[in-house]
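Please read them with the model open beside you.

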Amino acid sequence: MLSREDNDLLTRVNGDAPMGRMIRQHWWIPAGLSSTLVADGKPQRIRLVGNNYVAFRATNGKLGFFDEACPHRGASMALGRNEDNALRCIYHGWKFSVDGVTVAVPTQPANEAEYCKHVPLKHYPVREEAGIFWVWLGEGDTPPKFQNFEFCGLPKDHVVVVRQKVHANWVQGVETTMDSAHLGVLHQSWLGGVGDIGLSSVNMAPVYHVEQKPYGFRYASVRKLPDGQAYVRTNSFVLPWYGVVAPGQSKSRGGNFFFAVPVDDEHLWYWNIVYDFERPVEITQQVSATQPESWPPLPPGPADDNWGQDREAMKNGHFTGFEQALGTEDFAVIMSMGPISDRTHEYLGAGDGAVVQVRRCLLSAVREFMQGQTPGFANHPQIPYEQIKPVAAVFDGDARWREML
Ligand code: FES
Ligand SMILES: [Fe+2]
């Protein structure tokens with residue numbers, strides 16, 4: 001349970017909210033899919049951490065990332081003409097190069113060159129990794145070190161990225177990623193046939209063992225099995241929103257990253273990266289037939305129709321009545337908690353260990369930030385991101401898994 005003040009501190013990112021300022025300052029933020037920006041093509045409106053931006057790919061393939069509002073009088077730069085390695089506002093024709101330099105102000109013919117130098121265009125550093133473009137929205141000239149997770153640099157077909165926009169606060173997304181206890185309950189109708197992960201339903205009360213790390217924490221969820229073996233999943237939480245989650249099949253060389261990135265106080269982008277070191281990732285027909293920006297599917301109905309939950313399917317054996325995809329079940333429950341979950345009314349127990357840790361880490365980081373410090377969890381040069389590996393395994397006893405932490 002949290003106080004009202006702590007719940008606000010944890011969840012809110014709009015405007016001057018400390019959490020939003022900390023996130024913008026100290027981390028690179030996944031902003032969109034590289035494939036959606038085409039050279040000289042349509043600019044993309046992007047709402048991220050409570051503010052509005054525009055991204056575009058210039059003639060030479062470079063990415064530009066500006067505030068959405070034109071610095072002249074605020075028309076949307078997403079309406080702009082994308083040409084000549086620049087974006088030109090269609091209202092009065094002011095033109096800004098992909099590097100953020102004002103190159104033409106046709107409404108100021110007399111001293112145009114001098115005038116251009118002082119136009120306060122806000123532009124931001126962008127980089128592309130793993131099919132995603134990432135932006136740094138902080139103040140100053142020195143972006144933080146990039147989080148070069150182990151999926152960065154893999155061949156293109158060894159990584160699949162999808163995302164979905166959900167009407168819920170981002171922390172609800174982060175919490176569901178790290179909440180291993182829900183796996184065998186909420187998703188029980190999906191887990192058969194996807195490898196050892198089905199064992200999550202055999203024992204629905206995992207015991208958590210948490211270890212603090214410079215980037216957040218890592219935990220093992222240990223499930224004792226009826227035959228005396230132990231099914232162990234080790235997942236990591238990397239601030240501010242990365243859940244590094246073990247693959248469904250034990251011993252596979254790869255994993256999942258889930259990240260719940262705030263669009264604003266009441267919306268999130270839920271990202272999923274699946275990667276495999278040894279072979280191309282098989283994409284299910286469903287995913288390939290769908291846009292990667294709308295996967296997994298949202299619940300099919302409105303809130304007052306219980307989000308389209310299918311009671312008939314439940315009668316026929318489906319646990320939740322959301323047969324669209326496993327992720328649809330997550331979206332249904334996190335939306336059902338309301339746009340910003342009220343954590344002043346909760347009754348937490350043993351299964352919520354990882355959720356409590358997520359909150360502790362984020363709150364301690366934002367408190368350090370409010371005191372003018374770089375949060376310890378954002379002390380990037382010290383953090384070996386490329387070594388953070390999710391692992392799952394079945395052990396004979398319940399001792400050896402500690403080596404995986
Ligand atoms: S508002 Fe963009 S050029 Fe005037
Ligand atoms: Fe889930």
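1. Start with the loop between α6 (285–289) and α7 (311–315), where Pro-296 lies. The peptide bond that joins Trp-295 and Pro-296 is cis. Its omega is about -5°. Keep in mind throughout that this is a predicted model.

2. Pro-240 also deserves a look. The bond from Leu-239 to Pro-240 is cis, and omega is near 0°. Pro-240 sits in the loop between β14 (230–238) and β15 (242–245).

3. Next, check the backbone at Val-49. Its phi is positive, about 50°, although Val-49 is not a glycine. The residue is found in the loop between β2 (44–48) and β3. Is Val-49 buried or exposed? Val-49 has a relative accessible area of 0%, so it counts as buried.

4. Asn-85 has a positive phi too, near 55°, and is likewise a residue other than glycine. Its place is the loop between β5 and β6. Asn-85 has 27% relative accessibility. Buried means under 20% and exposed over 50%, so Asn-85 counts as partly exposed.

5. Asn-82 stands opposite Leu-87 of β6.

6. The largest nonpolar core holds 80 residues. Which members touch the most others? They are Leu-48, Phe-65 and Trp-170. Helix α9 (residues 353–370) gives the most to this core, with 8 residues. A second, separate core has 16 residues, including Phe-66, Val-105, Cys-116 and Leu-121.

7. Helix α2 (residues 18–26) is mostly covered. Of its 9 residues, 7 are buried. These are Pro-18, Met-19, Gly-20, Met-22, Ile-23, Arg-24 and His-26. The cover includes helices α1 (4–11), α4 (170–178) and α9. Strands β1 (29–33), β3 (51–57) and β16 (254–264) are also part of the cover.

8. How do α2 and α9 meet? Their axes come within 10 Å and cross at roughly 85°. The two helices are therefore roughly perpendicular to each other. On the α2 side, the contact is made by Pro-18, Met-19, Arg-21, Met-22, Gln-25 and His-26. On the α9 side, it is made by Leu-362, Ala-365, Val-366, Phe-369 and Met-370. The residues of this contact divide into 8 nonpolar, 2 polar and 1 charged.

9. Finally, find His-182 in the loop between α4 and α5 (183–186). His-182 has 15% relative accessibility and so counts as buried. Leaving out residues up to four places away in sequence, His-182 touches Thr-176, His-187 and Asp-330.

Key:
Residues numbered from 1 in each chain as written. Chains lettered and ligands numbered in written order. Predicted model: local features only at pLDDT ≥ 70, side-chain atom pairs only at ≥ 80, totals over all residues. Heavy atoms only, no water. Core = buried A, V, L, I, M, F, W, Y, C linked by side-chain atoms within 4.5 Å. Buried < 20%, exposed > 50% of the residue type's maximum accessible area, 1.4 Å probe, protein only. Helix = DSSP H or I, 4+ residues; strand = E, 2+ residues; numbered from the N terminus. Contact = heavy atoms within 4.5 Å. Pairing = 2+ DSSP bridges. Axes fitted to C-alpha atoms, helices over the stretch in contact; angles between N-to-C directions. Parallel < 35°, antiparallel > 145°, perpendicular 65-115°, else oblique. Nonpolar A, V, L, I, M, F, W, Y, C, P; charged D, E, K, R; others polar.
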